[in-house]
Amino acid sequence: MNLLGQRAPEVQERFKGDHPIVVEGLKTQFGTHVVHEDLSLTVNRGEIIGVVGGSGTGKSVLMRAIIGLQAAAAGSIDLLGRNISKDFRD
Ligand SMILES: Nc1ncnc2c1ncn2[C@@H]1O[C@H](COP(=O)(O)OP(=O)(O)OP(=O)(O)O)[C@@H](O)[C@H]1O
Ligand SMILES: [Mg+2]
């Protein structure tokens with residue numbers, strides 16, 4: 001089954017990119033508590049990565065930022081070719 005073929009044409013176009021997730025200079029914080037500072041990460045197409053770190057180090061906050069549930073205080077997040085961090089600031 002070709003899952004890609006079931007998606008809207010504009011979404012298919014984004015999936016063709018070489019880097020579905022590109023994070024640059026990300027900063028996240030809650031009040032004065034800075035969780036991420038200048039975090040950059042590129043996930044290549046077809047790549048599967050794991051995020052390892054102690055409890056409370058920011059793994060879940062990073063995932064929430066990447067899927068658009070957590071605002072970035074600085075930096076950019078591109079998901080499937082769309083700058084989602086900009087959406088929070090507009
Ligand atoms: N909604 C929130 N409001 C305030 N602080 C938060 C919030 N969500 C997370 N934090 C804080 O951000 C930091 C990172 O939390 P996060 O949940 O990302 O850790 P984690 O690496 O996923 O930990 P675990 O391994 O326990 O799941 C922690 O200090 C946490 O207390
Ligand atoms: Mg977690």
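Predicted model: local features only at pLDDT ≥ 70, side-chain atom pairs only at ≥ 80, totals over all residues.
Strands β3 and β4, the latter covering residues 82-83, pair in the antiparallel sense over 2 bridges. A word on terms: helices (H or I, at least four residues) and strands (E, at least two) are DSSP runs, numbered from the N terminus, and two strands pair if DSSP finds at least two bridges between them. Within this pair, Leu79 has Arg82 as its bridge partner in β4, and Asp78 stands opposite Asn83. The two strands form a hairpin with 2 residues between them, where Leu80 takes a positive phi near 50°.

Residues are numbered from 1 along each chain as its sequence is written, and chains are lettered from A and ligands numbered from 1 in the order in which they are written.

In general, strands of a sheet pair through backbone hydrogen bonds, either parallel or antiparallel.

Moving across the sheet, β1 and β3 run antiparallel and are joined by 5 bridges. Here Val22 stands opposite Asp78 of β3, and Lys27 stands opposite Ala74 of β3. On to the next pair: β1 and β2 also run antiparallel, with 7 bridges between them. Phe30 has His33 as its bridge partner in β2. These two strands make a hairpin with 2 residues between them, and Gly31 in the turn has a positive phi of about 60°.

For the chain as a whole, there are 3 helices and 4 strands. Read from the N terminus, the elements follow the order α-β-β-α-β-β-α. The chain has 90 residues, of which 14% count as buried. A residue is called buried if 20 or more other C-beta atoms lie within 10 Å of its own, exposed if 12 or fewer, and partly exposed in between, with C-beta atoms placed from the backbone. Two residues are in contact if their C-beta atoms, placed from the backbone, lie within 7 Å. Of the contacts with a separation of 6 or more, 49% are between residues 24 or more positions apart.

I turn to the core. Which residues make up the largest nonpolar core? There are 7 in all: Val23, Leu26, Leu62, Ala65, Ile66, Ala72 and Ile77. Such a core is a set of buried Ala, Val, Leu, Ile, Met, Phe, Trp, Tyr and Cys residues joined through C-beta atoms within 7 Å. The elements that contribute two or more residues to this core are β1 (21-30) and α2 (59-66), and α2 supplies the largest share, 3 residues.

Leu26 counts as buried because it has 25 C-beta neighbours inside 10 Å. Leaving aside neighbours within four places in sequence, Leu26 is in contact with His36, Leu39, Ala65, Ala72, Gly75 and Ile77. Leu26 and Ala74 are 48 residues apart in sequence, yet their C-alpha atoms are 5.6 Å apart in space.

Now to helix α2, whose buried residues are Leu62, Ala65 and Ile66. Seen down the helix axis, these buried residues fall within an arc of 95°, so they line one face of α2; the arc is that of the directions from the helix axis to the C-beta atoms. They pack against β1, β2 (33-43) and β3 (74-79). Just after α2, Gly68 takes a positive phi of about 90°.

Finally, the ligand. Which residues are around ligand 1? They are Phe30, Val35, Gly53, Ser55, Gly56, Thr57, Gly58, Lys59, Ser60 and Val61, where a residue is near a molecule if its C-beta atom, placed from the backbone, lies within 6 Å of it. By class, this shell has 3 nonpolar, 6 polar and 1 charged residues. Ala, Val, Leu, Ile, Met, Phe, Trp, Tyr, Cys and Pro count as nonpolar, Asp, Glu, Lys and Arg as charged, and the others, Gly among them, as polar. The element that gives the most to the shell is α2, with 3 residues.
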